[in-house]
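These are my notebook entries on one model.

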Amino acid sequence: QVQLVESGGDLVQPGGSLRLSCAASGSIFAFSRYNMGWYRQAPGKQQREFVAKRTRGGSLNYADSVKGRFTISRDNDKNTVYLQMNSLKPEDTAVYYCNAEYGGVQYWGQGTPVTVSS
């Protein structure tokens, strides 16, 4: 079993920055083996949308809506994945979820809320 705990969500003004963190743990968890990603669910939307992913091999993928503004990184020694968010827009308002995937099995955190508003 894998536990994911997100933190760093907050209220921020448009144009501002935030850094989200996701700490991973588990009894037989090998963080470096997992592909790690971030998803978000906006208010009123039923589905989560992909934001960013950093694979265990180091490959990066970003949603078009966040390219150039968001950066995903991971620290395998700390079992933590980060999402640096710059130039935030009101449409970035959402609950952000951390995702860990290995061998087709996925784990999710509880989410951390981000509100971008003046």
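**Entry 1: strand pairing.** I looked up which residue of β8 stands opposite serine 21, and found tyrosine 82. Strand β3 covers residues 18–26 and strand β8 covers residues 80–85; the two run antiparallel and are joined by 6 bridges. I take strands as DSSP runs (E, at least two residues; helices are H or I, at least four), numbered from the N terminus. Two strands count as paired if DSSP finds at least two bridges between them.

I note that the model is predicted: local features need pLDDT of at least 70, side-chain atom pairs count only at pLDDT 80 or more, and totals for chains, interfaces and linings use all residues. Residues are numbered from 1 along each chain as its sequence is written, and side-chain values use heavy atoms, with hydrogens and water left out.

I then traced the sheet that holds this pair. The sheet is open, has 4 strands in the order β1-β3-β8-β7, and pairs antiparallel. At its edges I find β1 (2–7) and β7 (70–75), each of which pairs on one side only. From one strand to the next, the twist averages 15° (axes are lines fitted to C-alpha atoms, for helices over the stretch in contact; angles run from 0 to 180 degrees between N-to-C directions).

**Entry 2: salt bridges.** I asked how many salt bridges the structure holds, and the count is 4. The criterion is a side-chain nitrogen of Lys or Arg within 4 Å of a carboxyl oxygen of Asp or Glu. For burial I use relative accessible area: buried is under 20%, exposed over 50%, and partly exposed in between (1.4 Å probe, protein chains only).

Aspartate 92 and arginine 69 form one of the salt bridges, at 2.7 Å from N to O. This pair links distant parts of the chain, 23 residues apart: aspartate 92 is in the loop between β8 and β9 (94–102), and arginine 69 is in the loop between β6 (60–62) and β7. Aspartate 92 is buried at 0% relative accessibility, and arginine 69 is buried at 10%.

Arginine 40 meets glutamate 49 at 2.5 Å, N to O. Arginine 40 is buried, at 5%, whereas glutamate 49 is partly exposed, at 38%. I record that Arg40, Glu49, Arg69 and Asp92 are linked in a network of salt bridges.

I also logged the salt bridge between aspartate 64 and lysine 67, at 3.1 Å from N to O. Here aspartate 64 is exposed, with a relative accessible area of 65%.

**Entry 3: asparagine 99.** Is asparagine 99 buried or exposed? I find asparagine 99 buried, at 4% relative accessible area, and located in strand β9. Its side chain makes a polar contact of 2.7 Å with the side chain of glutamine 106. A polar contact is a pair of N or O atoms within 3.5 Å; within protein, one must be able to donate a hydrogen and the other to accept it, and residues adjacent in sequence count only if both atoms are side-chain atoms. Leaving aside neighbours within four places in sequence, the residues in contact with asparagine 99 include Leu4, Tyr39 and Trp108 (contact means heavy atoms within 4.5 Å).

**Entry 4: disulfide.** My search of the whole structure found 1 disulfide, defined as a pair of cysteine sulfur atoms within 2.5 Å. Cysteine 22 and cysteine 98 form this disulfide, with their sulfur atoms 2.1 Å apart. The pair links distant parts of the chain: cysteine 22 is in strand β3 and cysteine 98 in strand β9, 76 residues apart. The torsion about the S-S bond is about -80°, so the disulfide is left-handed. Both cysteine 22 and cysteine 98 are buried.
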